[in-house]
Amino acid sequence: MPENTAFLYPFIQNKKWGYINQAGQVVIEPQFESTLGFSEGLAPVKIKSQKGYIDLNGNLVIPAKFDVAWGFSEGIAAVKINDKWGYIDKTGKFIIPPQFNFAWSFSSQLAAVQKDKKMGYINHQGEWVISPQFDNTSEFKEGLAAINLQGKVGYINTTGNIVISPQFDLSWRFSEGLAMVLIKNKMGYIDKKGNIVIPATFDYGWDFSQGLAVARKGRKWGYINHQGSFEIALEYEETANFSEGLAAVKIKQKWGYINQKAVMKIPLQFDSANEFKQGLAAVRIKDEWGYINSVGAWVWQPTK
């Protein structure tokens, strides 16, 4: 069996999931009903309709006994059992007993949880740091989290203080210092003081990644810079974020990859295409998934 690496890629074969390494060698044989990626050395897997965790060698180190299992973050993972959410450590021991109606992963030492129909934030000990008072919340990104109060969205800091008052119809997490917000059915971007730095003129917008953000006007997609100007023109049917210098784009129902100068580096040929992670990207042809490298060569031929 090939030696594993710090990053493994899930693949499907004969309707069972396993993992390959960056060279396309099978490290963990396909045997699971479903799986997520590895985080902090462990990955959630589904066995006989229950979720547990494997290590990088494929050993089941936390038994499959949960209804839902998130990835590990800050050494802790959110899991659902008997219709309640709690948190376990890497031995599978509950460090915060199941008691919540919903739970996000930890970020900035805090996790958003729901109790009695309201959302707040707890610390690693399960203590309330920000009391449950919001209708909805998000994870903390770049020191701020989006919160919903009475149908409007604003932002709080890690002490729970509202730093951008709830005023938007919809918003997304901060990335590269900016966050997408919805104003009167149009999307724009604010800075961390709540100033609108890119006017709400787009029909769709997404995170900034490597200096650019996906944006749509009408039926065409392109990429804007931090000033809101189109760095890559509106000429695609659909687009995805830049990652490792490449972004998936769709033209005439097929996906390929462009660089940040809009040069097509991997030709249009896929029916679906994901972002690059550690040198590989998952792509689909018809109903089969495989992996390509950054020059478009197959590392794992499509399977299902």
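Is Tyr189 buried or exposed? At 1% relative accessibility, Tyr189 counts as buried. The close-ups below come from a predicted model.

**View 1. Tyr189 and Phe208 form an edge-to-face pair.** The whole structure holds 22 aromatic pairs. In one of them, the ring centres of Tyr189 and Phe208 sit 5.2 Å apart. Their planes meet at 65°, over the 60 degrees that edge-to-face requires, so the pair is edge-to-face. Tyr189 belongs to strand 22 (residues 186-190) and Phe208 to strand 24 (residues 204-209). The pair therefore ties together parts that are 19 residues apart in sequence. Phe208 has 4% relative accessibility, so Phe208 counts as buried.

**View 2. Trp70, Trp85, Phe102 and Trp104 make up an aromatic cluster.** Ring pairs provide the links among these residues. Trp85 is also touched by Pro97, the subject of the next view.

**View 3. Pro97 lies in strand 11 (residues 94-100).** Leaving aside residues up to four places away in sequence, Pro97 touches Trp85 and Gly86. Its relative accessibility is 47%, so Pro97 counts as partly exposed. Gly296 is 199 residues from Pro97 along the chain. The C-alpha atoms of Pro97 and Gly296 are separated by 46 Å.

**View 4. Asn21 sits in the loop between strand 2 (16-20) and strand 3 (26-32).** The side chain of Asn21 reaches the backbone nitrogen of Ala23 at 3.0 Å.

Methods. Residues are numbered from 1 along each chain as its sequence is written. This is a predicted model: local features need pLDDT of at least 70, side-chain atom pairs count only at pLDDT 80 or more; totals for chains, interfaces and linings use all residues. Side-chain values use heavy atoms; hydrogens and water are left out. Helices (H or I, at least four residues) and strands (E, at least two) are DSSP runs, numbered from the N terminus. A polar contact is a pair of N or O atoms within 3.5 Å; within protein, one must be able to donate a hydrogen and the other to accept it, and residues adjacent in sequence count only if both atoms are side-chain atoms. Rings of Phe, Tyr and Trp (its six-membered ring) pair if their centres lie within 6.5 Å; planes under 30 degrees apart count as stacked, over 60 as edge-to-face and the rest as tilted. Buried means under 20% relative accessible area, exposed over 50%, partly exposed in between (1.4 Å probe, protein chains only). Contact means heavy atoms within 4.5 Å.
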